[in-house]
Amino acid sequence: MSNAVADQPAVDFGHVEHVTVHFDDLDAMGILHNARYAVLLERALTPYWTERGLAYRGSATPPDLFHAVREFTISYRAPIVTTGPVAVHFWLENFGTSSAEYGFQFRSVDGGTVHAEGRRAIVRLDPATLRPAPWTEAARAVAATLLRPAAVA
């Protein structure tokens, strides 16, 4: 669940969502555990898509939410050493027929520190066959709001 923070940083592309780092997200050294970054990214992405009509609803879940992570890469730049909000800037580098590639950065809330950055590739799957399946027009409409413009790349 995201924190509602009125002062969302302005970005040229994509979206920034604040997520909360909790005490149990930290490792024995008081640093955000490396495995928690994937979870926090998911917690940033979920409200964005939910607010645009693509939400998990049991058997009524839209087909576009049946997807698998194909690849997740991350580079750590500066450790997160406190609880509280962190800004997750995410965007789409590519939105293909059945796959998508996110870019993301974990930043301090003021935007001044990049804690980590990476990419996450997903594939939309047909629930019956578990084979790649095309995105719906609803997903394409939301994805269009996240695509990084070629001029910025």
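How many residues of strand S1 (residues 15-21) are buried? Seven of the seven are buried, so S1 is largely enclosed by the rest of the structure. Buried here means under 20% relative accessible area, exposed means over 50%, and partly exposed lies in between (1.4 Å probe, protein chains only). The model is predicted: local features need pLDDT of at least 70, side-chain atom pairs count only at pLDDT 80 or more, and totals for chains, interfaces and linings use all residues. Residues are numbered from 1 along each chain as its sequence is written, and side-chain values use heavy atoms, with hydrogens and water left out. Helices (H or I, at least four residues) and strands (E, at least two) are DSSP runs, numbered from the N terminus.

**The sheet**

- An open sheet is formed by five strands in the order S1-S3-S4-S5-S2, with antiparallel pairing; two strands pair if DSSP finds at least two bridges between them.
- S1 and strand S2 (67-76) stand at the edges, each with a single partner strand, so one side of each has no neighbour in the sheet.
- From one strand to the next, the twist averages 25°; axes are lines fitted to C-alpha atoms, for helices over the stretch in contact, and angles run from 0 to 180 degrees between N-to-C directions.
- Helix H1 packs on the sheet and touches S1, S2, S3, strand S4 (99-107) and S5, where contact means heavy atoms within 4.5 Å.
- The direction of H1 makes about 130° with that of S1.

**Strand S1**

- In a regular strand the side chains alternate between the two faces of the sheet.
- His15, Glu17, Val19 and Val21 point one way from S1, while Val16, His18 and Thr20 point the other way, and all are buried.
- S1 and S3 run antiparallel and are joined by seven bridges.
- Within S3, Val16 has His89 as its bridge partner, and Glu17 has Val88.

**Leu45 in helix H1**

- Leu45 is found in helix H1 and counts as buried, at 4% relative accessibility.
- Apart from its neighbours within four places in sequence, Leu45 is in contact with Phe90, Tyr102 and Arg120.
- Leu45 and Phe90 are 45 residues apart in sequence, yet their C-alpha atoms are 7.9 Å apart in space.

- Ala139, Val142 and Ala143 are the buried residues of H2.
- These buried residues fall within an arc of 100° when seen down the axis of H2, so they line one face of the helix; the arc is that of the directions from the helix axis to the C-beta atoms.
- Glu137 and Ala144 are exposed on the other side of H2.
- The cover over the buried residues of H2 includes helix H1 (36-50) and strand S3 (84-95).
- Leu130 is found in the loop between strand S5 (114-124) and helix H2 (137-144), and is exposed, with a relative accessible area of 53%.
- Most residues other than glycine have a negative phi.
- Leu130 has a positive phi, near 60°.

**Salt bridges**

- The structure holds eight salt bridges, a salt bridge being a side-chain nitrogen of Lys or Arg within 4 Å of a carboxyl oxygen of Asp or Glu.
- Arg120 forms one of them with Glu42, and the closest N and O atoms are 2.6 Å apart.
- This pair links distant parts of the chain, with Arg120 in strand S5 and Glu42 in helix H1, 78 residues apart.
- Arg120 counts as buried at 6% relative accessibility, whereas Glu42 is partly exposed, with a relative accessible area of 29%.
- Asp64 forms a salt bridge with Arg124, with 3.6 Å between the closest N and O atoms.
- Asp64 lies in the loop between H1 and S2 and Arg124 in strand S5, so the pair ties together parts 60 residues apart in sequence.
- Both Asp64 and Arg124 are buried.
- Glu93 and Arg148 meet through their side chains in a salt bridge (2.8 Å, N to O).
- Glu93 lies in strand S3 and Arg148 in the segment after H2, so this pair ties together parts that are 55 residues apart in sequence.
- Glu93 is partly exposed, with a relative accessible area of 33%, and Arg148 is partly exposed at 24%.
- A network of salt bridges links Glu71, Glu101 and Arg119.
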